[in-house]
Amino acid sequence: MIIIMERNATKVQIQRVIDFLKDNDFQVRHNTGEVHTVIDALGDKTTITPGRLAAFEGVKEVKIIREPFRLASRDRKPEDTVIEFKNGVKIGGGNKPVAIVGPCSVEADYEGLLEIATAAKEMGCEFLRGGAFKPRTSPYDFQGYGEKALQFLKRASEATGLLVVSEVMDASDLPMMLDYVDVLQVGARNVQNFKLLHAVGKCNKPVILKRGLASTIREFLLAAEHIMYQGNMQVILCERGIRSFDSAFTRNVMDIASIPVIKKYSHLPVIVDPSHGTGQRYLIEPMAKAGLVVGADGVMIEIHNDPENALSDGKQSLPLPMFREVMGRINKFNELIKEDRQHQAANTI
Ligand code: PEP
Ligand code: MN
């Protein structure tokens, strides 16, 4: 850490900071220039955080040199994390990008879900996603069918061989959910629900962590760190767009650059969700491809057998005939950019 003291900081104030750091086993050097005193401190930031030092009288600014996320950081683990599933599917590390597709919410009609899952399997997708517990802005909107939806997902998975992804909203549901899902999803609205992050951190199941509606990349990585700190290293980050000032044409602003930025600073796999990122059916294909070009390890796309009557997110869901076409092109596209992606993956390390 570098601590820059105010122009008029007194000798006593400077000494108090130095003594405090030394008392906490930091190695300290300081330099008094013409205007400012700068203190250079090396030590364990888990005990003394930059925020604590900033509170000292006479401190102007505290700068960190190493990123505060440790377990998620590439400095600490240069090679990509690869998450491997029981059927040999892998996410991360330059492996073939995965496709995670399905309805926003699992609905009452199992046949519809099976139709979706069958199309997904036919198109080479690896995961079936569907919400059982839905975080809805309005309490009057459909909230999800809970365990019944998870039973449907499991049945569809047994019929097709697809792995199951579903969102957890409450830690108390975890023991029940673990019997049904292969991957837990933590949604955008829960990215800073630290108790939930800790609870999934104690599970031995991969977690897709979605970027929050207004998360900075650093906050997003620190949310992953909360999960990893509890022991679960199997975290997949998902860029799903952030809130910005312009929602005239898209639901969110898809931050495509976050993907290579995250890859530069973290070894964790990153996937891209153009469905929530844009909220527009016509943007899913180009934005999925854009995500893949910049290194995403997979795509998450909402699809539906009857989007006009979907209980949530019908507008952004691809109807199955359109999904088949789009996925066919995404598969071809992945082949085309394969060499480039491997080159990119090798150069990030
Ligand atoms: C979802 O995946 O259906 C969902 C609710 O996404 P997000 O948390 O990104 O809004
Ligand atoms: Mn949705």
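The mean positions of the 44 positive and 44 negative charges of the chain lie 3 Å apart, where Lys and Arg count as positive and Asp and Glu as negative, with His and the chain ends not counted, and where each charge is placed at NZ of Lys, CZ of Arg, CG of Asp or CD of Glu. This is a predicted model, in which local features need pLDDT of at least 70 and side-chain atom pairs count only at pLDDT 80 or more, while totals for chains, interfaces and linings use all residues. Residues are numbered from 1 along each chain as its sequence is written, and side-chain values use heavy atoms, with hydrogens and water left out.

**Overall build**

The secondary structure of the chain comes to 12 helices and 15 strands, taken as DSSP runs (helices H or I of at least four residues, strands E of at least two) numbered from the N terminus. Along its principal axes, the C-alpha trace spans about 75 × 45 × 40 Å. Of the 349 residues, 53% count as buried, a term that means under 20% relative accessible area, with exposed over 50% and partly exposed in between (1.4 Å probe, protein chains only).

**Nonpolar cores**

The largest nonpolar core has 70 residues, and those with the most contacts inside it are L150, L209, L237, I301 and F323; such a core is a set of buried Ala, Val, Leu, Ile, Met, Phe, Trp, Tyr and Cys residues joined through side-chain atoms within 4.5 Å.

**Aromatic pairs**

The count comes to 4 aromatic pairs, in which rings of Phe, Tyr and Trp (its six-membered ring) have centres within 6.5 Å, and planes under 30 degrees apart count as stacked, over 60 as edge-to-face and the rest as tilted. Two of them are set out here.

| Pair | Centre to centre | Angle between planes | Geometry |
|---|---|---|---|
| F85 and F127 | 5.1 Å | 80° | edge-to-face |
| F142 and Y145 | 4.8 Å | 65° | edge-to-face |

F85 lies in the loop between β5 (83–84) and β6 (90–91) and F127 in strand β8 (residues 127–129), so their pair ties together parts that are 42 residues apart in sequence. F85 is buried at 8% relative accessible area, and F127 is buried at 1%. F142 is buried at 19%, whereas Y145 is partly exposed at 36%.

Definitions and conventions
Chains are lettered from A and ligands numbered from 1 in the order in which they are written.
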